[in-house]
Amino acid sequence: MRIAIAGAGNVGRSIAQELIDNGHQVMLIERQPRQLRPERVPDAEWVLADACELTSLEEAEIAGCDVVVAATGDDKVNLVVSLLAKTEFAVPRVVARVNRAENEWLFTEQWGVDVAVSKPRVMAALVEEAVTVGDLVRLMTFRQGEANLVEITLPPTAPYVGQPLHAVPLPRDAALVAILRGKRVLVPSPDDPIEAGDELVFVCTAEMEDAVRAVVLGPDSVERTRESR
């Protein structure tokens with residue numbers, strides 16, 4: 001893919017290098033001359049320009065990009081870049097960095113954002129995932145809340161421990177995508193039994209989270225979760 005990244009700070013450069021290592025073509029757009037350091041990511045195309053300026057984006061041929069990443073340290077800039085990329089250049093996929101948690105509500109489709117990445121939210125989810133057993137933890141949100149990546153670590157008391165996956169009546173709009181067992185990552189199959197301590201990773205809609213929790217952890221788990229909040 002051809003990917004443009006607005007912001008060549010530590011975050012933007014790290015994203016660029018990772019994408020280049022995965023075989024993608026990357027353009028870094030930076031408006032501060034002191035941040036223009038092509039030697040840091042030599043395989044990227046570097047552009048000195050203001051990504052909030054329509055003419056700059058035209059000259060950079062943003063319309064030919066598959067993805068635009070707004071990765072600056074300023075939420076206002078990231079919103080403007082996202083809006084221009086989506087509305088003026090019809091970029092198929094726009095990913096925006098959220099620097100301040102209180103601004104997260106702004107990063108929606110109305111501002112051209114397909115995926116918002118909030119560092120505080122991601123860090124909180126990782127902490128919860130590391131210490132939580134017997135509850136559902138939301139790890140990531142896709143498509144503006146229409147689908148979430150969630151994880152449940154099974155306690156010994158979970159109702160389907162020891163039973164094969166085909167016995168677990170998962171609700172609609174919910175899919176088990178991986179089982180993490182110790183250091184192994186297992187691709188789920190219907191005859192696989194689930195064990196206490198397994199980390200079950202699901203993709204489901206937000207509306208189905210309570211239903212997934214109720215099936216995997218028992219009907220009373222939803223009420224327990226609400227009481228603990």
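Buried means under 20% relative accessible area, exposed over 50%, and partly exposed in between, using a 1.4 Å probe and protein chains only. By that cut-off, the buried residues of α3 are Asp75, Val77, Asn78, Leu79, Val81, Ser82, Leu84 and Ala85. This is a predicted model: local features need pLDDT of at least 70, side-chain atom pairs count only at pLDDT 80 or more, and totals for chains, interfaces and linings use all residues. Residues are numbered from 1 along each chain as its sequence is written, and side-chain values use heavy atoms, with hydrogens and water left out.

**Overall make-up**

- The protein has 6 helices and 11 strands. Helices (H or I, at least four residues) and strands (E, at least two) are DSSP runs, numbered from the N terminus.
- Of the 229 residues in the protein, 44% are buried.
- Contact means heavy atoms within 4.5 Å. Among contacts with a separation of 6 or more, 53% join residues 24 or more positions apart.

**The parallel sheet**

- An open sheet is formed by 6 strands, with parallel pairing, in the order β3-β2-β1-β4-β5-β6. Two strands pair if DSSP finds at least two bridges between them.
- The edges are β3 (45-48) and β6 (115-118); each has a single partner strand, so one side of each lacks a neighbour in the sheet.
- From one strand to the next, the twist averages 20°. Axes are lines fitted to C-alpha atoms, for helices over the stretch in contact, and angles run from 0 to 180 degrees between N-to-C directions.
- β1 and β4 are joined in the parallel sense by 4 bridges. Ile5 stands opposite Val69 in β4.

**Helix α3**

- Helix α3 (residues 75-87) has 13 residues, and its end C-alpha atoms are 18 Å apart. The expected span, 1.5 Å times one less than the number of residues, is also 18 Å, so the two agree.
- α3 lies across β1, β4 and β5, and runs at about 175° to β5.
- The cover over its buried residues includes β1 (2-6), α2 (54-59), β4 (67-70) and β5 (93-98).
- Asp74 caps the N-terminal end of α3, with a side-chain oxygen 2.8 Å from the backbone nitrogen of Lys76.

- Strand β8 (residues 147-153) has 7 of its 7 residues buried, so the rest of the structure largely encloses it.
- Ala147, Leu149, Glu151 and Thr153 point one way from β8, while Asn148, Val150 and Ile152 point the other way.
- β8 pairs with β7 in the antiparallel sense over 6 bridges. Leu136 stands opposite Ile152 in β8.
- β8 also pairs with β11 (residues 199-204), antiparallel, over 6 bridges. Thr153 has Glu199 as its bridge partner in β11.
- Thr141 sits in β7 (residues 136-142). Thr141 is partly exposed, at 26% relative accessible area.
- Beyond its neighbours within four places in sequence, Thr141 contacts Ala147 and Asn148. The C-alpha atoms of Thr141 and Val203 are 9.4 Å apart, though the two residues are 62 residues apart along the chain.

**Individual residues**

- Arg213 belongs to helix α5 (residues 209-217). Arg213 is buried, with a relative accessible area of 2%.
- The Arg213 side chain makes a polar contact with the side chain of Asp210 at 2.6 Å. A polar contact is a pair of N or O atoms within 3.5 Å; within protein, one must be able to donate a hydrogen and the other to accept it, and residues adjacent in sequence count only if both atoms are side-chain atoms.
- Cys65 is buried at 3% relative accessibility, and Cys204 is buried at 2% relative accessible area.
- The structure holds 0 disulfides, a disulfide being a pair of cysteine sulfur atoms within 2.5 Å.
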